[in-house]
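Colleague: Could you take one part of this model and give me a close look at it, in plain words? I'd like to hear what sits against what there.

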Amino acid sequence: MVEKCKEKGYKFPEITGWIRAEVDDLHLPAKLGLKETGMLTSCSDYHIFHKLRLDRKRAFEKYTTLARAAIEQGVRPRCHLEDITRADIEGFVIPYVQELMRISEQVDDSLKVKIRLCDTMGFGVPYPGAALPRSVPKIVLAMIHECGVPSDRLEWHGHNDFHKVLINGTTAWLYGCDALNGTLLGIGERTGNPPLEGAIMEYIGIKRDMCGIDTTVITDIAKYYRSIGTHIPIRAPFVGEDFPKTKAGIHADG
């Protein structure tokens, strides 16, 4: 599948990989000639202790060793801070990311570590007054100001467990996170990820400009998904069959 995608020769979307926090997995992106791979570096105690059967010290050492090994193979590491909204930000996350930034200082720009902030359970909230680790603004600001992560190497990955997936992603943008992970129609594990078509509309709203975006493609995407048997709720914004309709006949803008 990766080879078929590479044959297209597109600059974007860039093809990247995803591996476990295991050095033995590094041969996979390297073998396929990928310039970047995501790495599962879970950061909450729930994951470190119960899922990975590690402790914080061993997790720290394992993750940083993996990042160095990837760089040595010429593959840029994108470290996924899984379950960050249940993690000890000051006790584990900040020291860990600071070390990744120190590693990045020693390599070329093309190999500097990227940071993906993963709200795995959807517990994040967009309120700056909320406490860590729930507050999306405070998480992003901690990465930038406490850890020194440049905005262009910082991305947000959310889930929709509490109906906040799009607003949390938008909030991450507004507080300095350059990249937002989105999926077409919001399709993703469990409750899904930020719907790409919704994120596009948020982006246009923030920029107050169409930015060269052809939004009619959203309708083409919806038609394609229906053609392959995907159920799209009729009330889904932008893509649902009833989105532009009204039964009462009074919503002219719709």
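Modeller: A charge sits over a ring if NZ of Lys or CZ of Arg is within 6 Å of the ring centre and within 35 degrees of the ring normal. With that in hand, R86 has its charged end over the ring of Y46, 4.0 Å from the centre. R134 does likewise over the face of F123, at 4.6 Å from the ring centre.

Before we go on, this is a predicted model, so to speak of a local feature takes pLDDT of at least 70 and side-chain atom pairs need 80 or more, while totals for chains, interfaces and linings use all residues. Numbering runs from 1 along each chain as its sequence is written, and side-chain values use heavy atoms, with hydrogens and water left out.

Now the rings among themselves. The structure holds 7 aromatic pairs (Phe, Tyr or Trp rings, the six-membered one for Trp, with centres within 6.5 Å; planes under 30 degrees apart are stacked, over 60 edge-to-face, the rest tilted). One of them is F60 with Y96: the centres are 6.3 Å apart and the planes stand at 70 degrees, so this pair is edge-to-face. It ties together distant parts of the chain, since F60 belongs to helix α4 (residues 56-72) and Y96 to helix α5 (residues 89-104), 36 residues apart. (Helices are DSSP runs of H or I, at least four residues, and strands are runs of E, at least two, numbered from the N terminus.) Y96 is buried, at 0% relative accessibility, whereas F60 is partly exposed at 25%. Here buried means under 20% relative accessible area, exposed over 50%, and partly exposed in between, with a 1.4 Å probe and protein chains only. Ring pairs also join F60, Y63, F92 and Y96 into a cluster.

The part I'd zoom in on is the stretch from α8 onwards. Helix α8 covers residues 196-207, and its 12 residues should span 16 Å at 1.5 Å a residue, which agrees with the 16 Å between its end C-alpha atoms (the expected span is 1.5 Å times one less than the number of residues). Its E197, G198, A199 and I204 are buried. The buried residues of α8 pack against α7 (165-174), β6 (179-180) and α9 (217-227), where contact means heavy atoms within 4.5 Å. Just past α8, R208 takes a positive phi of about 55 degrees.

In α9, the buried residues are I218, A222 and Y225. They cover an arc of only 65 degrees around the axis, which puts them on the same side of α9; the arc is that of the directions from the helix axis to the C-beta atoms. K223 and S227, on the other side of α9, are exposed. What covers the buried residues of α9 includes α8. G229 follows α9, and its phi is positive too, near 90 degrees.

In the segment after α9 lies F243, partly exposed at 41% relative accessibility. Setting aside neighbours within four places in sequence, F243 touches I234, A236, P237 and F238. The C-alpha atoms of F243 and P233, 10 residues apart along the chain, are 9.8 Å from each other. F238, one of those contacts, counts as partly exposed at 28% relative accessibility.
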